[in-house]
Amino acid sequence: MITLENVTKIYSGTTRAVENLTLTVENGEIFGFLGPNGAGKTTTIKMIVGLLKPTEGTVKINDIDINLYPEKAKKMIGYVADEPLVMEKLRGIDYLKFIADVFEVPYELRTKRIGELLESFKLTSSITDPISTYSHGMRQKLTLIAALLHEPDVWILDEPIIGLDPESAYILKKLMRKHADSGKTVFFSTHVMEIAEKLCDRIGIINRGKLLYVGTLDELKKLKGSGSLEELFLELTGSNLPQLEALSREL
Amino acid sequence: MIKIKGLKRLLKISWIMIDSTYGFSYRNYLYFQKKQRLWEFFLILSSIVTLAVSVGPLYLKLISGLFRQYEMLGIKNLFLANSVTLAGLFGLFTGIFLTINSLFFSKNVEVLFPLPIKAKEVVFGKISEVLIFQILASVILLLPFEIYYGVKSQANLLYWINSILVFSMSQIFPISLIMIIILPLSRILKFKKNRDFMILLAGIVVLILSLLFVSYTNRLVFEGYTEEQFLKLLSNPDGFLSRFTTIYFPAFLATKALVSSGIKGFSWILLYVGFNIGAFYLTIFLGEKFYYQTYLELQEFYAKKEKIKPDELKKGLKVSSLKKALIVREWRYFLKVPSFAFNGLASVVIFPVLLIMFAGFKNSPEFTQIMIFLESYRDFIVPFGILLSTLAASMSTLASSAFSREGKLLNELKMLPVSVKLITQTKFIHVNSVSVIGILSSIIALYILMKINLFEALLIFFGAFACTNFLNMVQMIIDGIRPVLDWDNPQRAMKQNLNVALSIPIVFGFTGGVGYLVYLSKEILSPAIWALLLILIGFFSSVYLWRILLKVVRNLFERDL
Ligand SMILES: Nc1ncnc2c1ncn2[C@@H]1O[C@H](COP(=O)(O)OP(=O)(O)OP(=O)(O)O)[C@@H](O)[C@H]1O
Ligand SMILES: [Mg+2]
């Protein structure tokens, strides 16, 4: 479970990236976080995982305040950043071993879990090569495996699907579903409306740092009238639909 | 016309490379135009002054002592020859790390690659980039000697002009020599794995071999003389000087140019200048042939992409304790980045290397002179030994870049469910382990040179360890307050890092300052008291600083990065 209470983030005293955000993501659900570029998604996610300190408000992971008990809270998080950031000169396997050691994953469990994840994401044959030889997508898969190998309760994924090939994307979506169904939490951001529509139990839409909507898609449709999520999203985030259409026709 | 245009272009390219390495115009803009962080500028300035004031007097004493001894023996010109040699050989050794680094592992080349710039132009720029740093060796080891000699012997204008020329070209030959060795070598040796390290290792091996050769020929010159023959040699200063043709040829030309007058002096300087330009041209020629291709190959990595055996995975995933995992991480992230490994290790192993060099001249008269000078302070070997080892150990630049070296990966650390205390501990342990290499190598050096006994060695070890702990903590605190994290080119975390630059006056200021105090108080305080004092100073300040360090790191981890 993730709880955000009146969370505000102001960068260097000026940019209000997130404003007074209150949100609870329950156990057993996949929560999709939507919003245009620069809306504040990554900022929110970084506050959830403890990389950024909220200017105001509190963030709790399974009722533990991440800024008060960072070590305890971080143990329960599996986080994939929007940009895969790993030490290039290491071999993939060294990186995974390091993460497993730091999260104190027992030997039997780590070999089994890593073996399975490597097979699912088709990374086994590259795992003893240096990360510098990996493609962008391969790096992303590696950080994904690293985030999931210690079986964290709470998955926090910042645009995890972009850059993955269709097969890996399919597997990841299956894994997310399975994780939520086992009573755990998945929180992810995305720009792809179809994925959000099919995968999420609930969605949140943020624009200019303010949360515009939280709830299921059906509720949103009831509220705003039918239409695809894309249309509803554009309407909510203040795009002028007729104008957009005119523009695209011109182009 | 075309020539001038080409030259302008060359200078422009060189300037871009120099500037992107050392950040001159950025600092100029920051300090003098925007008037921001001016304190940084004054800090640098005042540390240079502190350095000069603390170490300066002792250094001057050494110079004047040497000069007197050479003068007494009637071989004054060797005073200059040695200085040129020392500056050159020192440049040769310290330059190898820097040269390979900036040739092959510096990212500023990548920006130039897509542009229509010739390989030889890049190599020209690279040489300038390295030279501008290496000339520091001559500022310390050559310039004061030239000035002292000139003043003492009331030299004429020709001397001063020649000495400027000798000084400004003094590092060209060493750098060219390195490149002449490295460039073809990198093409001949084709390594599949770890190419970056193999090239460096090969270069170092070749250089050490050539150095051993130099000291061997040097020994041949001196061994087997009867006393009579030796005196005869002394009566003819040129006889001594000519031995430099085999040891370090430019020194022979330079000294000839400096001590001869009129047309003779003029012709010798022409030879000296010509020699250096020749070496330079040869380097450019080799650069054109080998440089781009090697650089590009170094950007490829070896991947085998084979099916791995099941037990390979199992072996690779063996459990380590949390602490061990973090320490291994420190070592890996340090050793796997060539710039870090070279810079960090070079400074702690430079001592034994210099020692091999020095011991090679064991039979020469200058060596004997210096030994006599050192022997007169034999009683104070423990306090001076502590300071010397501390100097070697704390100059590793690792402490002063402990957090900067993380760069963007500091976020990786931040994400780990590990306490700040443990992270600080592991960083400190890593930094200190590298420092211990420096202490040990200095102790070995002292053993070979001064025949220290086991008890003295132990005292020196503990004293140096305590003081190094303290100095490393100071440097880590400085880096923890304002780390340089936003870099793509790892060089930035080391070379362009103010925190690293600051460590030089701190370490020199401490060791030089205390050394001067020891020297001043030699009638009042015994060496034993000084040794004890140093151990206590190191120990208690480390204990005290540890808490400050923890606070700084905690702050750093709470800040948004
Ligand atoms: N380090 C930073 N310093 C200052 N402002 C920042 C920083 N990072 C982000 N911002 C600003 O905060 C706002 C929110 O950015 P954020 O990265 O959270 O957006 P996002 O929703 O993740 O966008 P995208 O869809 O493009 O990833 C933007 O206005 C951005 O300019
Ligand atoms: Mg984002």
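Tutor: A residue is near a molecule or strand if its C-beta atom, placed from the backbone, lies within 6 Å of it. This is a predicted model: local features need pLDDT of at least 70, side-chain atom pairs count only at pLDDT 80 or more, and totals for chains, interfaces and linings use all residues. Residues are numbered from 1 along each chain as its sequence is written, while chains are lettered from A and ligands numbered from 1 in the order written.

Student: Which element gives the most residues to the shell around ligand 1?

Tutor: The residues around ligand 1 include A:Gly40, A:Lys41, A:Thr42 and A:Thr43. Two elements of chain A give two or more residues each: β2 (15-25) and α1 (41-49). Helices (H or I, at least four residues) and strands (E, at least two) are DSSP runs, numbered from the N terminus. The top giver, with 3 residues, is α1(A).

Student: How many polar residues does the shell around ligand 1 have?

Tutor: Ala, Val, Leu, Ile, Met, Phe, Trp, Tyr, Cys and Pro count as nonpolar, Asp, Glu, Lys and Arg as charged, and the others, Gly among them, as polar. The shell has 3 nonpolar and 1 charged residues. Its polar count is 8.

Student: Which residue of β2(A) stands opposite A:Lys9?

Tutor: Strand β1 (residues 2-11) of chain A runs antiparallel to β2(A), joined by 7 bridges. Opposite A:Lys9 stands A:Val18.

Student: Which residue takes a positive phi in the hairpin of β9(A) and β10(A)?

Tutor: Strands β9 (residues 202-207) and β10 (residues 210-215) of chain A are antiparallel, with 5 bridges. A:Asn207 stands opposite A:Lys210. The hairpin has 2 residues between the strands. The phi near 45° belongs to A:Arg208.

Student: Why are α4(B) and α6(B) called roughly antiparallel?

Tutor: Axes are lines fitted to C-alpha atoms, for helices over the stretch in contact, and angles run from 0 to 180 degrees between N-to-C directions. Angles under 35 degrees count as roughly parallel, over 145 as roughly antiparallel, 65 to 115 as roughly perpendicular and the rest as oblique. The axes of α4 (residues 76-104) and α6 (residues 119-141) of chain B come within 9 Å and cross at roughly 150°. So the pair counts as roughly antiparallel.

Definitions and conventions
Pairing = 2+ DSSP bridges.
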